[in-house]
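Please look over the chain shown below. The briefing that follows goes topic by topic.

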Amino acid sequence: MMNEERLGQLIEGAYDAAVEGQWYEWLEQLRQQMSAAGGMLAHLGSAGIPVRSLPVACGGDLVPELVHSYLERRRQDPWYCQVRRQRNNVITLDARMRRLRARSALADLYQGLNCHYHTGAVLSGGHGHFLLALHRAPGQEDFGAEQQQMLSCINQHLRQAMALTPMLFELVQGRLLADKLNDTQVPQAVVRANGVPAFVNEAMANYLRGQGQPFRFHRGKLGGRQPFLDRLIERAQNRLCQSGVAACQAVTIPLGQQDLSLMPLPPQVLEGATLWQIR
């Protein structure tokens, strides 16, 4: 059972995750404390504010393909329709919603997830809407009233923490512009040392949505689809972030007909981060 100390750590960790981008690690801690089989945190969209490091999911049964499939079809889920109507409130799947879900178009998906008990909320604020969901397998017990109360307390702070991510996005964008590093015609991303983007421009967002592009998001981190490319990027990222601007020149990694350029950023833009550009 989660005690007050662990609750405080999760609340504090949510604010840290918003600044550092480590939402996967935070969600995994929440999943363990709630004794859940799996969990998901997703950005449901807001005009002009892309949050490219989300969604994240933890638990052995939540593979990226299932997560994206669910998010695309979520309005067919009776439980999601309920949490969407009662935003910022924790809603637990009850017997009636379970029967409706069993007859819905998502029945096979949830059977594949081994998801029997379900709780969570749609968190809404000035910077968009986010979905937090946790589930348990049939062999476990349902989420109790005390756990739902704990999750409600966490959600009050999580809403505020989630607002920091797009605020940092806008701040970094302004700093790039001030340092004359911003180029709207070139795909650009500011990537922290841990691999989580702090800023992605519209050109890069469109590039990452393209068919056959060589990158992927894994646990909120941007890297290469192929292991060799992923390793090259990781090594260059680590070296540039550790050495700083004065000691390093940009690194160029071939991507077929294009190149990925990684350049260390000055601290006034974002300390310990690099600028990725596709040229």
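**Briefing on the predicted model**

Asp259 is a residue of strand S11, which spans residues 258-264. This is a predicted model. The protein chain has an average pLDDT of 87, and 93% of the residues score at least 70.

- Is Asp259 buried, partly exposed or exposed? Its relative accessibility is 32%, so Asp259 counts as partly exposed.
- Asp259 and Gln277 are 18 residues apart along the chain. Their C-alpha atoms are separated by 8.1 Å.

**Confidence along the chain**

- Among the elements of the protein chain, strand S12 (residues 273-278) has the highest mean pLDDT, at 95.
- Helix H6 (residues 107-113) has the lowest, at 77.
- Over residues 47-51, pLDDT stays under 50. For this stretch the model has eight contacts beyond four places in sequence.

**Helix H2 against helix H7**

- Two packed helices are described by the distance between their axes and the angle between them.
- Helix H2 covers residues 23-33 and helix H7 covers residues 145-178. Their axes come within 14 Å and cross at roughly 180°.
- Why is H2 called roughly antiparallel to H7? Angles over 145 degrees count as roughly antiparallel, and the axes here cross at roughly 180°, so H2 is roughly antiparallel to H7.
- On the H2 side, the contact is made by Trp23, Trp26 and Leu30. On the H7 side, Leu151, Ile154, Leu158, Ala161, Met162 and Thr165 take part.
- By class, this contact of H2 with H7 has eight nonpolar residues, one polar residue and no charged residues.

**Burial of helix H2**

- Which residues of H2 are buried? They are Trp23, Tyr24, Trp26, Leu27, Glu28, Leu30 and Arg31.
- The cover over these buried residues includes helix H1 (4-20) and H7. It also includes strand S1 (38-43), strand S2 (56-58) and strand S5 (128-136).
- Ser35 follows H2 and has a positive phi, near 55°.

**Aromatic pairs**

- How many aromatic pairs are there? The count comes to four.
- Phe169 and Phe199 form a tilted pair. Their ring centres are 4.9 Å apart, with 50° between the planes.
- This pair links distant parts of the chain, with Phe169 in helix H7 and Phe199 in strand S7 (residues 197-200). The two are 30 residues apart.
- Buried means under 20% relative accessible area. Phe169 has 9%, so Phe169 is buried. Phe199 has 2%, so Phe199 is buried.
- Phe215 and Trp276 form another tilted pair. The distance is 6.2 Å centre to centre, with 45° between the planes.
- This pair also links distant parts of the chain. Phe215 lies in strand S8 (residues 215-218) and Trp276 in strand S12, 61 residues apart.
- Phe215 is buried, with a relative accessible area of 2%. Trp276 is buried, with a relative accessible area of 1%.
- Which residues do ring pairs link into a cluster? The cluster consists of Tyr207, Phe215 and Trp276.

Technical notes. Residues numbered from 1 in each chain as written. Predicted model: local features only at pLDDT ≥ 70, side-chain atom pairs only at ≥ 80, totals over all residues. Heavy atoms only, no water. Axes fitted to C-alpha atoms, helices over the stretch in contact; angles between N-to-C directions. Helix = DSSP H or I, 4+ residues; strand = E, 2+ residues; numbered from the N terminus. Parallel < 35°, antiparallel > 145°, perpendicular 65-115°, else oblique. Contact = heavy atoms within 4.5 Å. Nonpolar A, V, L, I, M, F, W, Y, C, P; charged D, E, K, R; others polar. Buried < 20%, exposed > 50% of the residue type's maximum accessible area, 1.4 Å probe, protein only. pLDDT = per-residue confidence, 0-100. Phe/Tyr/Trp six-rings, centres within 6.5 Å; stacked < 30°, edge-to-face > 60°.
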